[in-house]
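Could you walk me through this model, with the cut-offs spelled out along the way?

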Amino acid sequence: MTNTLHLAASEIGHSRRPVEYERLLRGLGRYTTDLRRPGMLYLDLVRATHAHARIRGIRTADAAASPGVVAVLTAADLSDIRPFPTARVTPEMAVPPAPVLAAGSVHHVGEVVVAVVAATPEQARDAASRVTIDYEPLPAVVDAEAALRPSAPLAFPELATNVAYRQARTGGDVAAAFAAADTIVRLRQPSSRIAGVPMEPRAALAEWDISTRSLTVWAGVQAPYRARATLAAMLDLPETDIRVVALDVGGGFGVKGGLYAEEVLAAALTRRLGRPVCWPGGRADDLQMTQQAREQVQDLEAAFRSDGTLLGLKLTVICNLGAGARGAGAAGRTTQCLTGCYQIGAVATEMIGVYTNTVPTGAYRGAGRPEAALAIERVMDEGAAALGLDPVAIRRRNFVPPDAFPYRAPTGIVLDSGDYERGLAECLRLFDYDATRREQAVRRRRGELVGIGLATYLELTSGGWESGAVRVLASGRVEAMTGSTEQGQGHATTWAQIVGAALGVPSDWVTVRQGDTALLANGVGSFGSRSTVVGGSALALAADDIRRKMLQLAAGRLEVAITDLDWADSEAVVRGAPGRRLGFREIAALAYGGHAAGIEPGLEATRYFSASGEAYSSGAYACLVRIDRDTGHLTIERFVAVDDCGRVVNPDLVDGQVIGGIAQGLGQALWEQVRFDVDGQLLTGSLMDYALPRAASLPPLRLGRVITPSPTNPLGAKGVGEAGTIGAPPAVVNAAVDALRPLGVRHLTMPLTPERLWRALQTPASVAE
Ligand code: MCN
């Protein structure tokens, strides 16, 4: 345990009213498109109208002659911009070209082909509509399974394969596990494609300063420092000449984790044109271009002993990466986290990443973990049904016990801490499980279709490192700079609590600064539910450095040894002589004048922190659903979520995270699905076609909490940002299958729309796809 920090209990674990909310709720937030710069130009784009086609020619003359137009550019004009860098999942991974503008051919509808810059957004849009592109349509491949057939069209013919990579993850003796099984459960589990839909669509404003030859880009990104590195690589500029600023970000949910063509174009074009360039973006741009998520087909085989022990598991996943490699990493979380909260002796998995002519997929809140939870939790329920066990009993039989941590799963991950049994027990208590089962039996006898669904989940959080700096000004006011960047999580509040706790001052003395690469030498950003563990810890350590320095200053002034001082209630007090004390503000002033000889002036500290391992959050969810026999409409009557994110900094904000995640998880379970037709045309290109949950769609939620501190970081924290999206879908699917199991249904595919459920009711013995 690295927990040596002194953290005042008055700040950690208490709900503080989020400092940013009043501003945001009153409409005083500042987003990228609120900015205006003198001489600003507007970028609009001509997007591919075919999923796969050769570009025979592009006619830009009419567009170039349109009023207000400053530039019309195609790939040929941008040879100085390097393609997007790609991280390989395996050394052999087939990587398609990733130019900023489509060069020679297009590979998905919505890909950017031509950039138009004009004086006003309307002029840019008007000119873009005058560009004509002569396409030679090529056969498109949309479905990932179909893409694996030898006769399938190639999404990227130059790769000579649709397979991006195959990645195996195995552990334990799988053959022996299956040989020893009493029952083998087989399951085919598709996970449908969904879109991340932040309230604020992506947008960018870029400004080249001709005097300093430096670039500033404002964009609502989740990881400004990463964006800076991408721009430096693609534009061949030193990092020191690039500043990326994320103002308020109207939601990111993982899809704003990296840059896309539009942000890079704005940056490249301001440098070329010498005037600020704004790409205002919009919902249609997002739905065609911003990475989508989750599309997998899982084939599972599970070897159970008759007492419910899960001996071994095999999983083959076909993952639709779309027309690009950006999602390859996120999918890997599925096989890593496959065994969930369970101790399973042997696992064999293979992930097959497949290119298709669809919008590229990638990280979206949960990023591979919801698919893992869906796999293992469906297996648990089907195992229970096959063996005639209660879903609670089979989970209890297989949990990793509390004394087994650190626990190395056969997929290679090491779980830091947890008490899954306690989490489930609390969930069952809040849900009143036994009584609800009795209620279900009564209602079933009345002919109602009522189901109870359970799911536990594991959330891998906290990867990599983060930076944090703290400075105390002469007045005693505190500034905290962080490399993490919030999109609505409440970091400004939480980080102030952490810094306040480490310094022993109230959090409202602390101002948090974030979202600007000018703040620190380097940083990372917010994704993977990592910011509390790594960003919060970096700040806590920096604040602790300051506390030590303040003790040194106080000791010098009070002419005692540091070891004679206590640090309490914003004061340094001489032990045994309570009258001899110095307040926080007095010590802060000392740092900038009047300090003892030999002490360096100033009160600033910067720390970088990476956890000693991943921190694994967990949870147990339960829900009660009713399905209307005539319409197939599913109603969630009750939903309980019990989460364990280690030591909690701000309980209200954690609840907010869980609720938001559940809303998105229910969206995936019940309503959301991105659809393409057989030619790769996007059928869900607007919010008229893509069904999102609304506030009124949510069922009553009851939340509970279990706390098992993580030994990986000084806060004892684990992340929680994605919890609800991971736990909610399998709980709902399990409940729906439970409702229809008496009719012979044992499988349902999300989203559980009334039509799907109605069809399952008509032919219950078949698999409802
Ligand atoms: N928290 C806490 N104590 C803990 C853990 C978390 O008090 N032990 C609180 C803190 O207020 C913290 C918040 O929960 O700010 C989220 O913390 P964490 O789990 O560390 O996640 P990140 O801050 O790294 O945020 C990323 C995560 C992810 S990956 C997605 S996607 C997501 C999410 O957060 N996108 C969001 N939550 C979102 N919430 C909003 N409003 N908007 C998004 O785009």
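The paragraphs below take up the ligand, then a helix beside it, then pockets and cavities, and finally some backbone details.

A word on conventions to begin with: this is a predicted model, in which local features need pLDDT of at least 70 and side-chain atom pairs count only at pLDDT 80 or more, while totals for chains, interfaces and linings use all residues. Residues are numbered from 1 along each chain as its sequence is written, and side-chain values use heavy atoms, with hydrogens and water left out.

Let's start with the ligand. It is surrounded by 30 residues, and the closest are Gly252, His491, Ser531, Gln657 and Val720; a residue is near a molecule if one of its heavy atoms lies within 4 Å of it. By type, this shell divides into nine nonpolar, 16 polar and five charged residues. Here Ala, Val, Leu, Ile, Met, Phe, Trp, Tyr, Cys and Pro count as nonpolar, Asp, Glu, Lys and Arg as charged, and the others, Gly among them, as polar.

On the backbone side, a polar atom of Arg647 is 2.8 Å from a ligand nitrogen atom, and a backbone N or O atom of Val649 lies 3.1 Å from a nitrogen atom of the ligand. Taken alone, the ligand exposes 830 Å², and the protein buries 96% of that (accessible areas come from the Shrake-Rupley method with a 1.4 Å probe; for residues, only the protein chains shown count as cover). Helices H14 (491–503), H15 (531–558) and H17 (651–671) each give two or more residues to the shell, and H17 gives the most, with three residues. Helices (H or I, at least four residues) and strands (E, at least two) are DSSP runs, numbered from the N terminus.

Buried means under 20% relative accessible area, exposed over 50%, and partly exposed in between (1.4 Å probe, protein chains only). Arg547 is also in H15 and counts as buried, at 10% relative accessibility. The side chain of Arg547 makes a polar contact of 3.1 Å with the side chain of Asp544. A polar contact is a pair of N or O atoms within 3.5 Å; within protein, one must be able to donate a hydrogen and the other to accept it, and residues adjacent in sequence count only if both atoms are side-chain atoms.

Grid points are joined across faces, edges and corners, and a volume is the space filled by probe spheres set on the points.

The second largest pocket has a volume of about 620 Å³. Its lining holds 30 residues, of which Val142, Asp143, Glu295, Gln673 and Val674 lie nearest the centre. Helix H4 supplies the largest share of this lining, four residues.

There are five cavities of 30 Å³ or more. The largest cavity has a volume of about 80 Å³, and among its 13 lining residues Arg294, Cys319, Ala331, Gly362 and Glu371 lie nearest its centre. The second largest cavity holds about 70 Å³ of space. Its lining includes Asp419, Tyr420, Thr456 and Val706.

Finally, the backbone. The peptide bond from Phe405 to Pro406 is cis, with omega near -5 degrees, and Pro406 is found in the loop between helix H11 (391–398) and strand S18 (407–408). The bond from Met750 to Pro751 is cis too, with omega near -5 degrees. Ser529, a residue other than glycine, has a positive phi near 45 degrees; it counts as buried, at 12% relative accessibility. Asp569 has a positive phi of about 45 degrees although it is not a glycine, and Asp569 counts as exposed because its relative accessibility is 69%.

Note on methods
On a 1 Å grid over the protein atoms alone, a cavity is a set of points where a 1.4 Å probe fits but cannot get out, and a pocket is an open set with protein on both sides within 12 Å along at least five of seven lines; lining residues have an atom within 4 Å of a point.
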